[in-house]
Structure formats: C-alpha cells, structure tokens
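Please walk me through this model in the viewer, one selection at a time. I would like to know what to pick next and what is there.

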Amino acid sequence: MSGATGGWVTFPDGAFVSDPAGVPSRLESLPSYDRAIGAWVPVEPEKVAPDGASYVLTSYNSTPPLYLVDARTGNQSLILTQEQEGPIQGSSWKVVRYASEGIYLWTGNGGMEKPVLGLWLVDPKTGGVRLVDGSHYWGSVQGGVAWALDEPNTRASASKVYRLDLGTGEVTTVYESKTDIRLLSPTPDGEMLIDYGKVGSPQLALLARPGSFVPIELPASFPPIYNARLAQPGVWLAIFGEAWSGIALYLKGEGVTIMARNPEPKPGLPAGLFYDAVGDCL
C-alpha cells in the first residue's frame, strides 16, 4: 500500500507518531507489529502466526508461491508453488488467516471468472493442502469459526450469511437479507460485525446465531468504514470520509467510540490520513 507507514497512536489524545522501522519494504502490504519479537514485519496481521514466530509471504495478488518466513531472522522457505498438484494449481488465492492449525486460504473473487468455492488449509511444515469445506466462499476465520456470504465479493445484495464450526464441520445460515451486507470482522466474543445498507452510509449490526441481528448505534456523521480488524481489546474500524477520517473502536456493551481523528481534515476533499490497526492495543 503506497504511502502506508507504521507507528503509534496514543489515547485519549489520539496523537500519531510514525516509527521509521514501520515503513513497509513491500508496498503492496501493510506492515504489522509483531509483539512476540518486538519488531515490525512486512505483512498484514492475518498473515502472522499466532505465536509471532513466523509469517506468510505471498506475491502481490496472493497467487502461489507462498513462503514461510522466520520473523526473527527473515529466512524464507518455500511451502507452496504454483505448479503444485491439487486444488491450488493455476488459481489465484488469498490468505485468510494464519492460525495455530495452519494457514487458511480462499479464492475470493480475485479477478477470476469462476472463483472456486471453499476454504483450504495449508500445513506450513509440509506444504500439504486440504479442503476444509467446499460449500461457500469462506472469507473470514477466527476462533475456530469461519464466515461467508452467498457471493465471493466483499458486499453482496440479498445475501445469506453462513457460519462454519471448524471443529464439527457444521454449517448454519445465520442471517438472510435483501439489502447489501459486508462482513467486517469477527468480534472477541465469537460474533460477526457487519456493515449493511447503502454503500457510503455505514450501518452496523452483530450476528451471532441463526436469527440474531443486533443493530449497533454509530456516532453522528460517522464516515464510511474502510476496514475493520480484530485486535485487543475489540474491533478497530478504520474510517475514511470527505470531511474527516480516523479510527474507532467497537467494544461489546460499550458500542462504537471514536478514538482518533485525522489531525488536519480538509472539508470537501478526501481526508489524506487514516489509521488502520495493525497490532494489539496496550
């Protein structure tokens, strides 16, 4: 991502201080802070192992090859090649999450004419690939649960939201809507935070179990949500609008709180700076 740089935001004043070590060496990726080694790594948080000891490195469009990188030394080992036989071969894939059980992949839409349904798990030690579930486009994994929409796009009309229990393999339909839905992020409590309705006019709700739909009130004049990430202590919302931008935090029982604003908003023009959480809050 051109122009992205790592740094620190302090609360409650919301001041941002850039860290020279947080400048990404690969412009197509955000850096993230790996607390296990006390250093920045050149990939997004979802590509870092839970213990912080390694991370996954991919090409720009996430097509194999995939490399496993030692976070401390930078040593790389090839774990998946484009020529590898099986469901990966010749396709464009995206890393969903590096979990304790392995590296989850999906196709998304990725420019493919016919994306492949399903969620795959790569063994980082052997490079072996297995299909976890082939019924839907599972684009989110967290805490032993995967989530999907009817379509591989990030927002879809008349969508059904599906939940996959990775332990039992059970798939349930959690919610069905006739309006646009975007899956934002799982929450620390195992629920899914969604944005629904008209593009550019954010509306939030929580989904947990079949039939549940809990609207979440937003602060007045809340900008569109660019991204959402699960990080201590809740879900961080990167917000980016014409009048102002910044970052907000969702906590269960407390709702959404604006934590920091762009220090120099420019009315009438897209705000030039916004924050995206790439590490846990201390």
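Start by selecting strand S18, residues 204-207, in this predicted model. Leu204 and Leu206 point one way from S18, while Ala205 and Leu207 point the other way. These four residues are buried.

Strand S17 (residues 192-196) runs antiparallel to S18 and is joined to it by 4 bridges. Within that pairing, leucine 193 stands opposite leucine 206. Strand S19 (residues 214-216) also pairs with S18 in the antiparallel sense, over 3 bridges. Here the bridge partner of leucine 204 is isoleucine 216. S18 and S19 form a hairpin with 6 residues between them. In its turn, select glycine 211, which has a positive phi of about 90°.

Keep leucine 204 selected and show its surroundings. Leaving aside residues up to four places away in sequence, leucine 204 touches a list of residues that includes Leu184, Leu193, Tyr196, Ile216, Ile225, Leu237 and Val256.

Which residues touch the most other members of the largest nonpolar core? They are Leu193, Leu204, Phe222, Leu237 and Val256, out of 16 residues in that core. Strands S18, S20, S21 and S22 each give two or more residues to this core. S21 (234-240) gives the most, with 3 residues. In soluble globular proteins, nonpolar side chains tend to be buried together.

Now select the sheet of S20 to S23. Its 4 strands form an open sheet in the order S20-S21-S22-S23, with antiparallel pairing. The edge strands are S20 (225-231) and S23 (255-261), and each of them pairs on one side only. Neighbouring strands of this sheet are turned by 25° against each other on average, direction ignored. Zoom in on S22 (residues 245-251) and S23, which pair over 6 bridges. In this pairing, alanine 248 has isoleucine 258 of S23 as its bridge partner.

Move to strand S5 (residues 54-58). Of its 5 residues, 5 are buried, so S5 is largely enclosed by the rest of the structure. Ser54, Val56 and Thr58 lie on one side, with Tyr55 and Leu57 on the other. Leucine 57 stands opposite tyrosine 67 in S6.

The whole structure holds 7 aromatic pairs. Why is the pair of tryptophan 8 and tyrosine 33 called edge-to-face? Their ring centres are 4.8 Å apart and their planes are at 75°, so the pair is edge-to-face; the cut-off for that class is over 60 degrees. Tryptophan 8 is in strand S1 (residues 7-10) and tyrosine 33 in strand S3 (residues 32-34), 25 residues apart. The rings of tryptophan 8 and tryptophan 40 have centres 5.6 Å apart and planes at 55°, so this pair is tilted. Tryptophan 40 lies in strand S4 (residues 39-41), so the pair ties together parts that are 32 residues apart in sequence. Tryptophan 8 is partly exposed, with a relative accessible area of 31%, whereas tryptophan 40 is buried, at 13%.

Finally, zoom out to the whole protein. The secondary structure comes to 0 helices and 23 strands. Buried residues make up 48% of the 282 residues. The protein exposes about 13700 Å², of which carbon and sulfur atoms supply 51%.

Methods:
Residues are numbered from 1 along each chain as its sequence is written. This is a predicted model: local features need pLDDT of at least 70, side-chain atom pairs count only at pLDDT 80 or more; totals for chains, interfaces and linings use all residues. Side-chain values use heavy atoms; hydrogens and water are left out. Two strands pair if DSSP finds at least two bridges between them. Axes are lines fitted to C-alpha atoms, for helices over the stretch in contact, and angles run from 0 to 180 degrees between N-to-C directions. A nonpolar core is a set of buried Ala, Val, Leu, Ile, Met, Phe, Trp, Tyr and Cys residues joined through side-chain atoms within 4.5 Å. Buried means under 20% relative accessible area, exposed over 50%, partly exposed in between (1.4 Å probe, protein chains only). Contact means heavy atoms within 4.5 Å. Accessible areas come from the Shrake-Rupley method with a 1.4 Å probe; for residues, only the protein chains shown count as cover. Rings of Phe, Tyr and Trp (its six-membered ring) pair if their centres lie within 6.5 Å; planes under 30 degrees apart count as stacked, over 60 as edge-to-face and the rest as tilted.
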